[in-house]
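Have a look at the structure first, then walk through the notes below.

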Amino acid sequence: MALLDLKGVSLGFAGNRVLQDVSFAVDAGAIASLIGPNGAGKTSLFNSITGFYKPQRGSIVFDGVETRRMKPHQVTRAGIARTFQNVRLFREMSVLENVMSGQHCRSRAGAIGAVLHLPAQQREEAHIHDVAAGCLRFVGIDPAEWERDATTLAYGHQRRVEIARALATEPKLLLLDEPAAGLTKGEKAELVTLIARIRDERGVAVLLIEHDTGLVMSISERVSVLDHGVMIAEGTPREIQANPRVIEAYLGSEDAEAALAL
Amino acid sequence: MTLTTILLQQLVNGLVLGSFYALVALGYTMVFGVVKLLNFAHGDLYMVGAFIGLLALSLVAGAVGTSWVGVGLAILLSMLAVGFFGVFIERIAYAPMLKAPRLSILITALAVSLVLQNGVLSLTGGQVMPFSPKLGFAGINLGDIFINYKQIALAGAAAVLMLALELFVSRTQYGRAMRAVSVDKDMSELMGIDVNRIIAVTFFVGTALAAAAGTMAGAYYGSIWYFMGFLIGLKAFTAAVIGGIGSIPGAMLGGLVLGLLESFGTQIPGIGSAWKDVFSFSVLILVLVFKPTGLLGKSEQERM
């Protein structure tokens, strides 16, 4: 059974139809990609999956549970985490604190315990620290940087901290929104390795939106193509590259170079 | 009395006054940080805290008397009761307005303030009620200056509460979530933080601190009435702005600075104690003109 299963999802804002009857699935432990020209509705689809937008129709089943009407924090608790197109770390909080905040949905100590600083709360705090430290090491952020204000890190490092923060929520599915945007060639290669390790070592399924077609084709097992809110193709990278509808969708769009890369 | 003695005595007075301002300013600043709401009803929650404290003191008087233990217990009970009351107000008055334009929730806060003031007015008939714990007038002499035990206890209690708050905000998962929500609400929710719950916790803590200050003020000055929250609400707001609204260390600093400015201000020739409030609000205006972000506040850039 698929880990994430969307059926007939439609989303609109004030008469604008953003997603039309989108059906789409991601298997547990898979690495999948969502591509499509700018404005195709990819990020809107992410926002619908995470509960940030409420699609008017359709069903979104994650891990056997219908999540379409859940609030974002409940979806995160259910096991979906994400990163953002433009890095959005918490200002005025250290790198470590940013990642520790991802553990909030897994903590059990109540607010009263936190105010009174009970021993159980202190143990949990230690546990949260260990989980966050583990995530930071996993993405390769040096402990020397952990106490720095997160937004002062180099851009590529901020991207990795964001992934660490998402991993700290202990997800089953990780959504990456253009994780390679703004990275250097070397950093992109490291990202490919990191995505593979997230799946292989942590068993987390990864779904990415990405414009770098080369990166998408090299890493994904399945690729889905969205155009004007409609899912126009779905298949292995090889199938997608040979699909005339996909090439047509890209031609004439701002992503003409992506079409050439196909 | 020599000038030095006068100045030292004013230092003590200023610190005591400043602790009150700081405690109330903290609630102002926390709520502003998390909800971006200037809670004009905050001073009135301080007033409600004083009345609940008086009620609590009369309830525990039989068991532990109305001395130090009794007052301490009254403070704790008032914090607990008024803390939940603050959450209740947030749920019925502010929560439905969170998505509305900023002005609507500001007007709601003014309405809540009026409801609380007039509610207590009608319950008490506008009477000034005596709050007379048996704390005595004893104290210690340090050279020429006299500090009574009430002042020491008050400043001490305020310091303990502020330290506890600082630890809560900087070292616990809830505090971290609170800071996360104040930076980016949508983002926090996507990281699995239940924003509504965090807002409730913020209101609880902020209101409980105001209730503590209210009860302490009642015990210290000896009388309470329904309008006592008005001026301190404005002063606490001033303190929060001086320190940089939204900043917790800023509110503590702003409270102490304002308390000291007021007590020393009354010593400037030509500015008697009658001019005290004019003096502190002039400081507010000066801060707003020359450093609108306050002493510890950071300028916030609106990013598109």
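Chain A splits into domain 1 (1-79 + 171-262) and domain 2 (90-170), with bounds that come from an automatic or database domain assignment. Keep in mind that this is a predicted model, where local features need pLDDT of at least 70, side-chain atom pairs count only at pLDDT 80 or more, and totals for chains, interfaces and linings use all residues. On bookkeeping, residues are numbered from 1 along each chain as its sequence is written, chains are lettered from A and ligands numbered from 1 in the order in which they are written, and side-chain values use heavy atoms, with hydrogens and water left out.

**Between the two domains of chain A**

- Taken over C-alpha atoms, the centres of domain 1 and domain 2 of chain A are 27 Å apart.
- Contact here (heavy atoms within 4.5 Å) links 21 residues of domain 1 of chain A with 15 residues of domain 2 of chain A.
- About 1500 Å² is buried between these two domains of chain A, with carbon and sulfur atoms giving 63%; buried area is the accessible area (1.4 Å probe) that two parts lose on being put together, summed over both.
- The interface of domain 1 and domain 2 of chain A has 1 salt bridge, a term for a side-chain nitrogen of Lys or Arg within 4 Å of a carboxyl oxygen of Asp or Glu.
- A:Arg160 and A:Glu190 form a salt bridge, with their closest N and O atoms 4.0 Å apart.
- On the side of domain 1 of chain A that touches domain 2 of chain A, α2 (72-78), β7 (173-177) and α7 (185-202) each supply at least two residues; helices (H or I, at least four residues) and strands (E, at least two) are DSSP runs, numbered from the N terminus.
- The biggest giver on that side of domain 1 of chain A is α7(A), with 8 residues.

**Between chain B and chain A**

- Here 27 residues of chain B are in contact with 32 residues of chain A.
- The two chains bury about 2800 Å² between them, 64% of it on carbon and sulfur atoms.
- B:Arg176 and A:Glu125 meet through their side chains in a salt bridge, 3.0 Å from N to O.
- On the side of chain B that touches chain A, α5 (149-171), α6 (173-183), α7 (185-190) and α8 (195-221) of chain B give two or more residues.
- With 7 residues, α6(B) gives the most to that side of chain B.

**A:His104, facing chain B**

- A:His104 sits in the loop between α3 (95-101) and α4 (111-116) of chain A.
- With a relative accessible area of 9%, A:His104 is buried; buried means under 20% relative accessible area, exposed over 50%, and partly exposed in between (1.4 Å probe, protein chains only).
- Leaving aside neighbours within four places in sequence, A:His104 is in contact with B:Gln173, B:Tyr174, B:Ala177, B:Gly192, B:Ile193 and B:Ile198.

**B:Ser280, inside a helix of chain B**

- B:Ser280 belongs to helix α11 (residues 276-290) of chain B.
- B:Ser280 is buried too, with a relative accessible area of 1%.
- Not counting residues up to four places away in sequence, B:Ser280 touches B:Lys235, B:Thr238, B:Leu258 and B:Glu262.
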